[in-house]
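Here's a quick briefing to read alongside the structure. Have the viewer open and follow the residue numbers as you go.

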Amino acid sequence: MDLLNTLVDKGLRRETPTREEALAVLATSDDDLLDVVAAAGRVRRHWFGRRVKLNYLVNLKSGLCPEDCSYCSQRLGSKAEILKYTWLKPDQASRAAAAGVAGGAKRVCLVASGRGPTDRDVDRVSDTIKAIKDQNEAVEVCACLGLLSDGQAERLREAGADAYNHNLNTSEATYGDITTTHTYADRVDTVNKAHAAGLSACSGLIAGMGESDEDLVDVVFSLRELDPDSVPVNFLIPMEGTPLAKEWHLTPQRCLRILAMTRFVCPDAEVRIAGGREVHLRTMQPLALNLANSIFLGDYLTSEGQAGHADLEMIADAGFEVEGADQVTLPGHRATAGGGGCGPHEGGGPCGSHESGKGCGSHESGVACGSAPAAEDRGVAPAAGPAAAGEVRRDLVAVRRRGAGTDLAPNA
């Protein structure tokens, strides 16, 4: 296809495709899907080889958020039966982080529900970052705490944070349809604050909320303009008890096309498959590794994910390798761009990927915020029949009942 040859050439040159070309990727047929994956895979391998970065989530404070993000199980008024607890102590969070690092994670993502942190909250998280770094100096730490006030990003950076996550989630035109308690501009402002403080900025999207192809292209082009180092792509898991509980629009093929479009628009950024990959990609997860160079290991914030050992087996079986702590995630031109690229920091510590899609303040992108495959020890996908777009599959969704905030061992 001439379209794909053009997109590969542009991706290798870091040239932005046109909106029409991005829309055309989303409009390709299932017959052309493997060609689309192969083309985007060439761009992925050019910038990232066959490495897969592993990230691990620690939910520092779960539920009871005052924001009304429709996709999130932690939202104001949510009836989802998720774990609810206040701030973990630094030693508790450090133990949770250690499980992820032991499982192969290179980055720990510290998340807390809420509109944004108070200065006291920043102190708490700073103590937690120190506890984690004291235990494992090489680990990268990303914070995801919601909307930042002036000076807070700088304080997190001084405390040792490598990165900050705050997702745009959807297009500016439709943002008011999913959230009314803060604005799209608020989100952009927080990403810019992270950039300005020298943190490696992470911002992504949620697919599957009923948006159009134009909305998806709009948000990815907006992300390209913001130029975060990491772009997490979340796939909505419609949680019972949330306003989007009946939104089941995604198929594995649709998810692959969205990931491919994101790779073409953001060729040299870390593209992460975040929450919802197990539910919507299912047995097609290994194919998606040809498009994204980063995933989360184990469970999400309020939902269970694929078993950690199954993640590692999937990566190996697909012919990829886990990125090591001594490897720099981003290409050299980004890693040395100054001020927070996902390469060596000024202090010598590597900076890698960012937190998956968190929701309103710091919830999981609406997907992981209470969703993932059922069954305590899943393999690559649950043993169930195929699901079509629009088909409700509650058997694929399980609320997290282990790890942070519980007495049970985490899944890593």
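This is a predicted model: local features need pLDDT of at least 70, side-chain atom pairs count only at pLDDT 80 or more; totals for chains, interfaces and linings use all residues.

The protein chain has 14 helices and ten strands, and 62% of its 412 residues are buried.

**The chain as a whole**

- Take the contacts between residues at least 6 apart in sequence: 79% of them join residues at least 24 apart.

**Cysteines**

- You'll find zero disulfides in the structure.
- Cys109 is in no disulfide, and its nearest cysteine sulfur, on Cys142, sits 4.8 Å away; a disulfide would need the two sulfur atoms within 2.5 Å.
- Cys109 is also buried, with a relative accessible area of 0%.
- Cys255 has a relative accessibility of 0% too, so Cys255 counts as buried, the cut-off being under 20%.

**Helix α4, residues 90-102**

- Which residues of α4 are buried? They are Ala93, Ser94, Ala96, Ala97 and Gly100.
- Looking down the axis of α4, those buried residues fall within an arc of 165°, so they line one face of the helix.
- What does that buried set pack against? The partners are β1 (51-61), β2 (107-112) and α5 (119-135).
- Arg95 and Ala102 are on the other side of α4, and both are exposed.
- After α4 comes Gly104, which has a positive phi near 115°.

**Positive phi without glycine**

- Arg14 is not a glycine, yet its phi is positive, at about 60°.
- Arg14 belongs to the loop between α1 (2-12) and α2 (19-26).
- The relative accessibility of Arg14 is 41%, so Arg14 counts as partly exposed, a class that runs between the 20% and 50% cut-offs.
- Asp227 is another non-glycine residue with a positive phi of about 60°.
- To find Asp227, go to the loop between α9 (213-226) and β7 (230-235).
- Asp227 counts as partly exposed as well, because its relative accessibility is 36%.

Note on methods. Residues are numbered from 1 along each chain as its sequence is written. Side-chain values use heavy atoms; hydrogens and water are left out. Helices (H or I, at least four residues) and strands (E, at least two) are DSSP runs, numbered from the N terminus. Buried means under 20% relative accessible area, exposed over 50%, partly exposed in between (1.4 Å probe, protein chains only). Contact means heavy atoms within 4.5 Å. The arc is that of the directions from the helix axis to the C-beta atoms.
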